[in-house]
Amino acid sequence: MDLSGKKAVVFGGTSGIGLATTLLLAEGGAEVTAISREPKKAGTLPNGITTRACDVLDRGAVEAVLEELSPIDILVTAATGGKRAFGPFLEMDLDGYKASFDKLWGYANVVRYGAMHVSDGGSITLVSGAPARNCLPGQVALSSVGNAVEAMMRAVAREVAPRIRINAVSPGTIDTPMVILKGTEREELYRQMTTNNLIPRAGMADEVAQGILFVIKNNFVTGTTVDVDGGWLLREP
Ligand SMILES: NC(=O)c1ccc[n+]([C@@H]2O[C@H](COP(=O)([O-])OP(=O)(O)OC[C@H]3O[C@@H](n4cnc5c(N)ncnc54)[C@H](OP(=O)(O)O)[C@@H]3O)[C@@H](O)[C@H]2O)c1
């Protein structure tokens, strides 16, 4: 698919992986709407990018914004949705575990109310996460949600084929504003998190965005997950 003149909508497109995707899509000539709760945080963006405010957990608002932006050629969601719970399952606060699924509910809103507005030959891309298929200690919530996202993607792929395509891209540890630590604390956290990876460093948002662009542009790819994770799936805890 040639991106030139295509209409793209990126939920969570104002930070990290979503923002890197927004920038690559615009660079390729797409007209991009980047959506999040507080899009001003993205600062000044290049020409071809418009921002909109919308909470992915507000079903009515998601439905309305997608209807307004229809037709859409490229629909992406990378919106984290809310907080994530960490720690062993047998010690976990179950309200925290349940709240971690806000990511799934946000994605579900985007897919449920967005698929009908994706033009023939277009695509939907979801961002899952490497713990789905190699859950390290303390990552039960991330793993559960990631698996749910990928299961939803595969089920929907059958329903929307052959009119449109849907895929997931699964990042490993990526250096984004999701981590708020600065300076040496930040460097140390990423060092610890990635020391056992086959590629022992945090990935860059742009490296994940390149994977997202791959599934968007390749018309023979649907119902699958592309891993951009530094070899996470083969790492030991
Ligand atoms: N970074 C990693 O290491 C990593 C690893 C595996 C998977 N992932 C996944 O990759 C995706 C992107 O993560 P990231 O690291 O790029 O995070 P990020 O830099 O924190 O960006 C998250 C984006 O989502 C938006 N967002 C969050 N909640 C929202 C809501 N309720 N409604 C609308 N927009 C919302 C944020 O904007 P507002 O705050 O303005 O709403 C922001 O634009 C997430 O699904 C995450 O789980 C990340």
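Which element gives the most residues to the shell around the ligand? In this predicted model, the answer is α1, with 3 residues. Helix α1 spans residues 16-27. Together with α4 (102-114), α1 makes up the set of elements that give two or more residues to this shell. In total, 28 residues surround the ligand. G12, G16, S36, R37 and G129 are the closest. By class, the shell contains 12 polar, 11 nonpolar and 5 charged residues.

The strands form an open sheet of 7 members. Their order is β3-β2-β1-β4-β5-β6-β9, and the pairing is parallel. Strands β3 (49-53) and β9 (225-228) stand at the edges. Each has a single partner strand, so one side of each lacks a neighbour in the sheet. From one strand to the next, the twist averages 20°. In general, strands of a sheet pair through backbone hydrogen bonds, in either a parallel or an antiparallel arrangement.

Within the sheet, β5 (residues 118-127) pairs with β6 (residues 165-171). This pairing is in the parallel sense and runs over 5 bridges. V127 stands opposite V169 of β6. Helix α5 (residues 140-160) packs on the sheet, where α5 touches β5, β6 and β9. The direction of α5 makes about 160° with that of β6.

Helix α5 also meets α4. The axes of α4 and α5 come within 9 Å and cross at roughly 20°. An angle under 35 degrees counts as roughly parallel, so α4 is roughly parallel to α5. The crossing of the two helices is right-handed. On the α4 side, the contact is made by K103, L104, Y107, A108 and V111. On the α5 side, V145, A148, V149, M152 and V156 take part. Of the residues in this contact, 9 are nonpolar, 1 is charged and none is polar.

Two peptide bonds call for separate mention. Most peptide bonds are trans. The bond that joins S70 and P71 is cis, with omega at about 0°. P71 lies in the loop between α2 (59-69) and β4 (72-77). The peptide bond from A161 to P162 is also cis, and its omega is near 0°. P162 is placed in the loop between α5 and β6.

Conventions
Residues numbered from 1 in each chain as written. Predicted model: local features only at pLDDT ≥ 70, side-chain atom pairs only at ≥ 80, totals over all residues. Pairing = 2+ DSSP bridges. Helix = DSSP H or I, 4+ residues; strand = E, 2+ residues; numbered from the N terminus. Axes fitted to C-alpha atoms, helices over the stretch in contact; angles between N-to-C directions. Contact = placed C-beta atoms within 7 Å. Near = placed C-beta within 6 Å. Nonpolar A, V, L, I, M, F, W, Y, C, P; charged D, E, K, R; others polar. Parallel < 35°, antiparallel > 145°, perpendicular 65-115°, else oblique. Left-handed = near helix turned anticlockwise from the far one by under 90°.
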